[in-house]
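Me: I would like to learn how the words used for a structure follow from its computed values. Could we go through it step by step?

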Amino acid sequence: MADATAIPGPRGLPRWAGWGLVLLPCAALWLWGAPAAPWAFDWPKGWTIPAARWITAFTRWLLNDATFGLFTFQELTRFVAGVIDAPYRIVLSLLSTGFLRGEGSTAVEITPPLSWVAVIVSFALLGLWAGGRGLALLVAACFLFIAVFGQWQSAMVTLASILVAVPLGVAGGMALGVLAWRHLWFSRAIRPVLDLMQTIPVFAYLVPILFLFGFGPTAAVVATLIYAMPPMTRVTELALHRVPPELSDLGRMVGCTRRQMLWRVMVPSAREALMVGVNQVIMLSLNMVIIASMIGAGGLGFDVLAALRRLDFGAGLEAGFAIVALAVALDRLSQAVAVRGRGAPLRGGPLARHPYLVASLVTIAAAAAIGFVIPWVQSYPQAWQLSTGTFWSRVVEWINVNFFDTLEAVKNFFLLNLLVPFKRFLAGLPWLGVAALLAFAGWRSGGWRLGLLIAALVTLIAATGQWEKAMITVYLCGISVAIAMLIGLPIGVLAANSDRLWSWVRVIIDTLQTLPSFVYLMPAVMLFRVGDFTAMIAIVAFAVAPAIRYTVLGLKGVDPRLIEAGRAMGCSEAQILTRIRLKLALPEILLGLNQTIMFALSMLVITALVGTRDLGQEVYIALTKADPGRGLVAGLAVAFIAIVADRLIHAGAQAARGRLGLGGSST
Amino acid sequence: MTESPAAVRGAVGASADKITLECRGVWKLFGARAGEVLRSLGSGATVEAIAAAGLVPAVRDVSLSVRQGEIFVIMGLSGSGKSTLVRLMSRLIEPTAGEILFNGQNLLAASDREMVEIRRHRMGMVFQHFALLPHLTVLGNVAFPLEVQGVARAAREERARQMIALVGLGGREDAYPRQLSGGQQQRVGIARSLAVEPELWFLDEPFSALDPLIRREMQDEFIRLQSVLRKTIVFITHDFDEAIRLADRIAIMKDGAIVQQGTPEELVMNPATDYVREFTQAVPKAKVVRADSVMVAAEGEAAGTVAARTVIADAARLFLGGAAVVAVTDAAGRVIGHLRRDDVTRLLMGG
């Protein structure tokens with residue numbers, strides 16, 4: 001990466017002089033340029049690149065006419081669908097529907113699905129094997145929670161799609177990662193694709209996927225795979241590169257073939273790091289649960305979505321918490337498997353060597369047999385279910401009845417004094433001036449390449465006719481990020497000082513992050529109804545977690561010797577905080593800001609449900625109209641905004657690191 | 001102390017003329033188009049010229065030969081190119097120029113498949129940081145080279161158990177590497193490298209990562225093993241005392257080139273450069289110099305005999321009774337010269 005400190009300012013002038021030189025013409029253009037150069041404000045219609053139309057036409061062509069000689073594109077998508085569909089059917093039958101003969105209402109059940117008792121016991125046994133009694137209890141409690149709150153059926157549907165998506169995602173991600181590890185050119189080629197896959201909002205590719213695979217669980221799994229695979233690829237490549245060179249030397253010295261080298265030496269040695277990737281795939285797959293339900297995945301995601309549409313806060317919250325319970329169980333299980341210490345290998349026959357597997361199979365068989373006689377063993381009886389849904393709905397109702405005027409006043413205050421003026425200001429900016437300013441900032445912090453990249457991306461947003469919507473996006477995200485940072489920084493500072501507070505805060509932000517983002521929307525909608533303010537609240541709630549987390553990490557990471565030195569020099573606590581700790585934690589805090597922006601952008605499309613007018617809305621409309629071009633172009637515009645913000649902040653963090661002499665590349 | 005290294009050396013001396021591994025003019029430069037640059041520089045390939053071309057000279061024009069059954073130690077400080085050299089010898093790294101002959105066969109001409117066969121059956125290597133596979137037990141690690149070759153489970157595990165017993169780890173077969181101490185881990189590494197019965201045994205700083213006391217213990221263990229196994233050994237170290245203690249012959253490397261090679265005795269008695277002298281200064285000469293190096297022509301009576309390859313520090317014992325002269329005998333027991341009390345005293349005094 002370019003060394004930021006190496007870029008000199010114009011000779012003989014202070015560094016800010018360059019800024020002045022760029023700012024003045026931009027300000028002049030903004031204030032007086034409108035009559036002289038209207039094209040600098042609104043991209044002329046005639047120049048617009050019809051990218052949306054091209055992409056739509058291209059997808060149509062792919063679907064109808066494209067052929068690779070031996071097979072057509074459509075046959076390829078059908079093949080992929082088949083590969084996903086077959087295991088999905090089996091797992092779904094096992095967990096949820098049972099194996100059926102025949103179709104629809106005439107179907108006859110051959111075998112029932114696994115009983116809830118068997119599923120809980122099996123997962124608890126897995127926990128016992130991987131992490132001991134504590135983990136087994138936690139996992140059992142999570143699943144029991146799901147059963148008690150009546151979410152079992154939906155949860156099993158969700159679990160089925162996760163159980164299919166995760167192995168496919170892990171295998172695919174690993175295959176790509178191994179290729180990238182073996183061939184530098186492949187690694188170089190795939191890196192920008194991975195960047196894009198992670199920054200493009202999921203909704204943008206939901207549309208093309210819907211187009212290619214049709215509505216249904218298969219399309220949902222494909223979308224989940226695209227979303228969850230990139231980190232696995234990155235982790236695999238990194239983990240394989242981090243295997244000590246001595247181990248690969250060993251592999252070659254004992255005469256391993258290429259395959260033996262990979263599977264006997266490299267992969268086992270990188271196992272712990274790879275399991276981190278598996279964990280990521282699981283968590284990201286769970287993140288996708290609700291979004292995937294928009295294109296046909298059933299289960300918990302669908303329940304949340306349906307509850308949101310009914311504005312049934314309580315039901316949505318319960319389904320949302322069921323997703324969290326599933327996430328907690330799977331997260332802890334995969335983490336425990338990663339660090340599992342090994343005892344001496346068990347000896348004896350296959351029965352004695354796999355006691356947990358055997359116990360699980362016995363439980364499944366026994367539960368199935370007993371289930372024929374005693375129905376409550378087979379499926380959790382409705383009479384034992386609890387629901388807090390109505391309670392939560394009542395709470396919201398009560399608040400609305402009693403505090404309506406206060407809430408409304410707060411909302412209007414923010415709207416009139418903050419949101420609307422800022423929106424007007426941004427909407428009035430000329431795209432040319434913004435592009436020039438951002439490009440200059442890029443050049444200053446990361447060299448001419450970064451400057452050019454940013455100029456190109458900003459111009460492209462304007463050129464595809466999305467400038468206005470992009471500015472609304474920036475306005476909504478910008479305000480939300482600012483508020484999230486304003487809340488997150490002080491909390492982070494407090495939490496960094498007290499381990500006890502931090503342990504509490506951590507639990508809360510972990511939950512905030514695993515809770516499906518839709519859940520934030522519901523109370524906000526209940527209290528403030530639809531609109532920008534509601535969207536802002538939801539985004540802030542979702543994006544505050546990284547702001548806190550990175551602040552704490554940064555402050556805790558400050559070398560204690562420097563703090564001691566400050567204290568020895570007689571600094572007050574306040575001085576130590578502002579002069580030493582915050583200054584040294586700046587790179588980390590900047591990365592936190594970066595993450596906050598990414599989180600905010602990823603919430604955009606979801607907030608489109610409450611009637612914002614930004615790029616998210618554009619994607620959402622494209623989804624309902626099944627217009628792949630429109631959705632993808634708007635999605636790419638969001639990705640461009642994300643890339644510009646990401647690169648600028650990264651370069652800034654890098655420069656800050658350089659100045660502080662902390663060295664090392666950013667994470 | 002276990003059996004003295006000198007005794008081991010004396011015993012293998014007879015077969016020491018057959019050359020197992022030979023390097024001829026071996027170069028390794030790191031960087032783009034290293035081969036072209038080296039050819040264009042020709043005889044003017046100095047460190048400066050290579051660096052000016054943007055390359056890193058790791059090994060420069062190394063020629064050496066390792067005789068069958070000897071312990072050949074390559075000694076150098078970090079960055080001297082010794083680890084690169086040992087990887088060139090096993091062709092884990094491709095040399096930029098030069099020839100490497102293994103029992104007369106040019107390794108650089110060998111196909112990948114032939115190299116795999118040679119490494120599988122005829123070479124073994126011990127690594128500085130042990131390079132144990134974390135997911136396998138001690139037994140699994142030691143059996144790993146055999147598993148790779150496709151040896152049946154029963155056969156490879158039996159062989160592995162023998163090797164584990166040989167290095168004194170019997171009973172720990174089911175432990176995982178992380179449960180072992182550093183010294184134990186390296187015993188596993190040694191057992192693993194011996195499992196295929198290699199002709200040529202590379203040890204890349206095998207004891208450098210261990211505490212001094214354990215290191216000493218492992219050196220003794222190594223000497224014991226070699227007295228049983230009689231392998232041809234290339235041993236890499238940065239510790240000159242270790243080199244002196246173990247070596248039949250030593251090559252000292254600096255900046256990728258060999259500064260001097262010879263027996264410990266030759267290095268100590270006649271250091272070729274100031275660089276070598278810095279290492280040898282602190283070595284007590286009496287512990288390195290052998291009887292046949294300081295003996296004079298046999299003349300008159302002698303009290304007792306001493307083997308030609310005995311170091312002076314050990315031979316000194318014979319003079320305790322007041323003898324002035326001791327006879328020096330070769331392997332066949334013939335007297336080949338006399339060792340005088342004055343010479344021994346001078347060496348013992350550090351002269």
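**From values to words**

Reply: In this predicted model, helix H10 of chain A passes helix H11 of chain A in a right-handed crossing.

Me: Why are H10(A) and H11(A) called roughly antiparallel to each other?

Reply: The axes of H10(A) and H11(A) come within 10 Å and cross at roughly 160°. Angles over 145 degrees count as roughly antiparallel, and H10(A) and H11(A) are therefore given that description.

Me: Which residues make the contact of H10(A) with H11(A), and how many of them are nonpolar, polar or charged?

Reply: From H10(A) come A:Leu247, A:Ser248, A:Leu250 and A:Gly251, and from H11(A) come A:Met261, A:Val265, A:Met266 and A:Ser269. By class, five are nonpolar, three are polar and none is charged.

Me: Where does chain A touch chain B, and which elements give two or more residues to that side of chain A?

Reply: In the contact between the chains, 19 residues of chain A meet 21 residues of chain B. The elements of chain A that give two or more residues are H10 (245-253) and H11 (258-269), and the largest share, six residues, comes from H10(A). By class, this side of chain A has ten nonpolar, three polar and six charged residues.

Me: In chain B, what makes S2 and S5 edge strands?

Reply: The open sheet has four strands in the order S2-S1-S4-S5, with antiparallel pairing. Strand S2 (56-67) and strand S5 (105-106) of chain B each pair on one side only.

Me: How do you know that S1(B) and S2(B) are paired?

Reply: Two strands pair if there are at least two bridges between them, and strand S1 (residues 19-30) of chain B has eight bridges with S2(B), in the antiparallel sense.

Technical notes:
Residues numbered from 1 in each chain as written. Chains lettered and ligands numbered in written order. Predicted model: local features only at pLDDT ≥ 70, side-chain atom pairs only at ≥ 80, totals over all residues. Contact = placed C-beta atoms within 7 Å. Nonpolar A, V, L, I, M, F, W, Y, C, P; charged D, E, K, R; others polar. Axes fitted to C-alpha atoms, helices over the stretch in contact; angles between N-to-C directions. Parallel < 35°, antiparallel > 145°, perpendicular 65-115°, else oblique. Left-handed = near helix turned anticlockwise from the far one by under 90°.
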